[in-house]
Amino acid sequence: KDGYHVQMSGLHAAVGLAQLKRAEDILAKREILGNRYCELLPKAWRCQTYWYMPYLCDDEEEKERVKVALTKADIGHRDFFPPITDNKPFADGKSYPVARNLYERGILLPIYPDLLFEEQDIIIETIQSI
């Protein structure tokens, strides 16, 4: 026992197995989308797996402008993950300026295997218009 009594339902297992059969296609599509972002948006970060798509603004003001533009265009996005030391169990009282800086400037853009190139073009054009 792991102490949480967490169990996977049969339905979740079936979905997981079906996704495993598509894993190579899913990863290939994410890589194509990630490479397109990196080619067309110089501030996009090249990744190993593209399970997320980081975009690093120059400063917090630019980040806010990008977030406003994406929101107005009804494009989903989120901030970078906050530094782990923001969570009480990991807080050690130290300062981590690099992690804080990345969090303050970073946005995660949409990237998923069913994202159409036309939809990605709209995301890219929205950011380029700022």
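Reader: What are the ground rules for numbering, confidence and atoms?
Author: Residues are numbered from 1 along each chain as its sequence is written, and side-chain values use heavy atoms, with hydrogens and water left out. In this predicted model local features need pLDDT of at least 70, totals for chains, interfaces and linings use all residues, and side-chain atom pairs count only at pLDDT 80 or more.

Reader: How many salt bridges does the structure hold?
Author: Side chains of opposite charge can pair when their charged atoms come close. The criterion here is a side-chain nitrogen of Lys or Arg within 4 Å of a carboxyl oxygen of Asp or Glu. By that criterion, the number of salt bridges in the structure is seven.

Reader: Which residue forms a salt bridge with Lys43?
Author: The closest N and O atoms of the pair are 2.7 Å apart. The partner of Lys43 is Glu62.

Reader: Where do Lys43 and Glu62 lie, and how many residues apart are they?
Author: Helices (H or I, at least four residues) and strands (E, at least two) are DSSP runs, numbered from the N terminus. Lys43 sits in the loop between H2 and strand E1 (53-56), and Glu62 sits in helix H3 (residues 60-72). The pair links distant parts of the chain, and the separation is 19 residues.

Reader: Is Glu62 buried or exposed?
Author: Buried means under 20% relative accessible area, exposed over 50%, and partly exposed in between, with a 1.4 Å probe and protein chains only. Lys43, at 25%, is partly exposed. Glu62 has 9% relative accessibility, so Glu62 is buried.

Reader: Which residue pairs with Lys67 at 3.7 Å?
Author: Lys67 lies in helix H3. The salt bridge at 3.7 Å, closest N to O, is with Glu64.

Reader: Which residue meets Lys67 in a salt bridge at 3.0 Å?
Author: The N to O distance of 3.0 Å belongs to the pair of Lys67 and Asp79. Lys67 is in helix H3 and Asp79 in strand E2 (residues 78-79), so the bridge ties together parts twelve residues apart in sequence. Asp79 is partly exposed, at 24% relative accessibility. The residue asked for is Asp79.

Reader: What is the relative accessible area of Lys67, and which residues does it touch?
Author: Contact means heavy atoms within 4.5 Å. Lys67 is buried, with a relative accessible area of 18%. Leaving out residues up to four places away in sequence, Lys67 touches His77, Asp79 and Ile107.

Reader: Are H2 and H5 roughly parallel or roughly antiparallel?
Author: Axes are lines fitted to C-alpha atoms, for helices over the stretch in contact, and angles run from 0 to 180 degrees between N-to-C directions. H2 and helix H5 (residues 117-128) pack at about 25°, with axes 11 Å apart. Angles under 35 degrees count as roughly parallel, over 145 as roughly antiparallel, 65 to 115 as roughly perpendicular and the rest as oblique. H2 and H5 are therefore roughly parallel.

Reader: How many charged residues does the contact of H2 with H5 have?
Author: From H2 come Lys29, Ile32, Leu33, Arg36, Tyr37 and Leu40, and from H5 come Phe117, Gln120, Asp121, Ile123, Ile124 and Gln128. Ala, Val, Leu, Ile, Met, Phe, Trp, Tyr, Cys and Pro count as nonpolar, Asp, Glu, Lys and Arg as charged, and the others, Gly among them, as polar. The contact has seven nonpolar and two polar residues, and the charged ones number three.

Reader: At what angle do H3 and H5 pack?
Author: The axes of H3 and H5 are 9 Å apart, and the angle is about 140°. That makes H3 oblique to H5. The contact is made by Val66, Ala69 and Leu70 of H3 with Ile123, Thr126 and Ile127 of H5. The angle asked for is about 140°.

Reader: How far apart in space are Asp25 and Pro113?
Author: Asp25 is in helix H2 (residues 23-40). Asp25 is exposed, at 59% relative accessible area. In sequence, Asp25 and Pro113 are 88 residues apart; C-alpha to C-alpha, the distance is 8.3 Å.
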